[in-house]
Structures are given as C-alpha cells and as structure tokens.
Amino acid sequence: MSFALVLFIAAVIQFVLDKIISKTDEKISDTDGFIPYRWFIVIGGIVVILSVLFVKEPYKYVWIGVLLILVFGVRSIFQWKYIRSSQKHIISLLMMAISVVGTIVYVLI
C-alpha cells in the first residue's frame, strides 16, 4: 500500500471518529496551550519530513509508524489537558492504537 493511501484512510477514520465522539467544537488554538502545541506541530512536522527524506527503505514505514504513534500520543495529552470536555483526546488515543496495530501488522507481514 502506498503511503498516501494509508494517510487517506487514517484521515477518513479520524473524521468519522470525530463526528461520533466529539462533544464540542473546542480547539486547542482557543486555549493557553496553543503556543506549546504549535511548537509541537512545527517540530513534529520537521522530524516527519526529515524521516521521509533520509530514513532508508527497510525501516522507513516502521519509523513513520512510530512517529505517528508518538504524534497521536502527545496530541492526546495536549487535548486532555486543555480541552478535556470535548472528548477529542479519546479520538487521538484511538488513532494511536490504530497506528500501533498498523505498525505491528506491517512488521509482521
């Protein structure tokens, strides 16, 4: 499977989970956690781009899976701390679990 297809499937799953689980339209950008969260996004984006460019093929998708697990995990912490009432941290935890399962399946296949 191509990387773009995996990202598309993840985006669809997250969209569906957001419609089912999310209770409010709160965003981290409306809270005090916006500045540290923005830095997390910038640094995480740089790490992902560098990983795609420089990690060699046998380990590339495993490394991307690990990065997705870390990104969803840290994002769930930010959402739990700053917008707990929206229940969006549950969506991030589910996406992290899906990333763990997907990475393990990729390694085993």
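Biologist: Is Ile90 buried, partly exposed or exposed?

Modeller: Please keep in mind throughout that this is a predicted model. Ile90 is found in helix α4, and its relative accessible area is 31%. Buried means under 20% and exposed means over 50%, so with a value in between, Ile90 counts as partly exposed.

Biologist: How far apart in space are the C-alpha atoms of Ile90 and Leu17?

Modeller: Leu17 lies in helix α1, whereas Ile90 belongs to helix α4. The two residues are 73 residues apart in sequence, yet from C-alpha to C-alpha the separation in space is 9.2 Å.

Biologist: And what separates the C-alpha atoms of Ile90 and Val101?

Modeller: Along the chain, Ile90 and Val101 are 11 residues apart. Between their C-alpha atoms the separation is 17 Å.

Biologist: Which residues does Leu17 touch, leaving out those up to four places away in sequence?

Modeller: Leu17 has a relative accessible area of 16%, and because the limit for buried is under 20%, Leu17 is classed as buried. With residues up to four places away in sequence set aside, the contacts of Leu17 are Ser22, Ile91, Leu94 and Met95.

Biologist: Is Thr103 buried or exposed, and which residues does Thr103 touch?

Modeller: Thr103 has its place in helix α4, which runs over residues 88-108. At 13% relative accessibility, Thr103 falls under the 20% limit and therefore counts as buried. Not counting residues up to four places away in sequence, Thr103 touches Val62, Gly65, Val66 and Ile69.

Biologist: What about Ser99: is it buried or exposed, and which residues does Ser99 touch?

Modeller: Ser99 is also found in helix α4, and because its relative accessibility is 10%, Ser99 counts as buried. With residues up to four places away in sequence left out, the contacts of Ser99 are Leu68, Ile69 and Phe72.

Biologist: What does α3 span from its first C-alpha to its last, and what is expected?

Modeller: α3 has 26 residues, and several of them are buried, including Gly65, Leu67 and Phe72. At 1.5 Å a residue the expected reach is 38 Å, and the reach in the model is close to this, at 38 Å.

Biologist: Where does Gln87 lie, and what is its phi?

Modeller: Gln87 is placed in the loop between α3 and α4. Although Gln87 is not a glycine, its phi is positive, at about 65°.

Biologist: Which residues lie nearest the centre of the second largest pocket?

Modeller: The second largest pocket has a volume of about 270 Å³, and the elements that give two or more residues to its lining are α1 (3-21), α2 (34-54) and α3 (57-82). Its lining divides into 11 nonpolar residues, 2 polar and 1 charged. Of the 14 lining residues, those nearest the centre are Gly44, Val48, Leu67, Leu68 and Val71.

Biologist: Which residues does the UniProt annotation "transmembrane region" cover?

Modeller: The annotation comes from an unreviewed UniProt entry. In the model, residues 34-54 are 100% helix and 0% strand, with end C-alpha atoms 30 Å apart, and residues 90-108 are likewise 100% helix and 0% strand, with end C-alpha atoms 27 Å apart.

Methods: Residues numbered from 1 in each chain as written. Predicted model: local features only at pLDDT ≥ 70, side-chain atom pairs only at ≥ 80, totals over all residues. Heavy atoms only, no water. UniProt positions renumbered as here; feature names shortened; annotations may be inferred. Helix = DSSP H or I, 4+ residues; strand = E, 2+ residues; numbered from the N terminus. 1 Å grid on protein atoms, 1.4 Å probe; cavity = no way out; pocket = protein on both sides within 12 Å on 5 of 7 lines; lining within 4 Å. Points joined across faces, edges and corners; volume = space filled by probe spheres on them. Nonpolar A, V, L, I, M, F, W, Y, C, P; charged D, E, K, R; others polar. Expected span 1.5 Å × (residues − 1). Buried < 20%, exposed > 50% of the residue type's maximum accessible area, 1.4 Å probe, protein only. Contact = heavy atoms within 4.5 Å.
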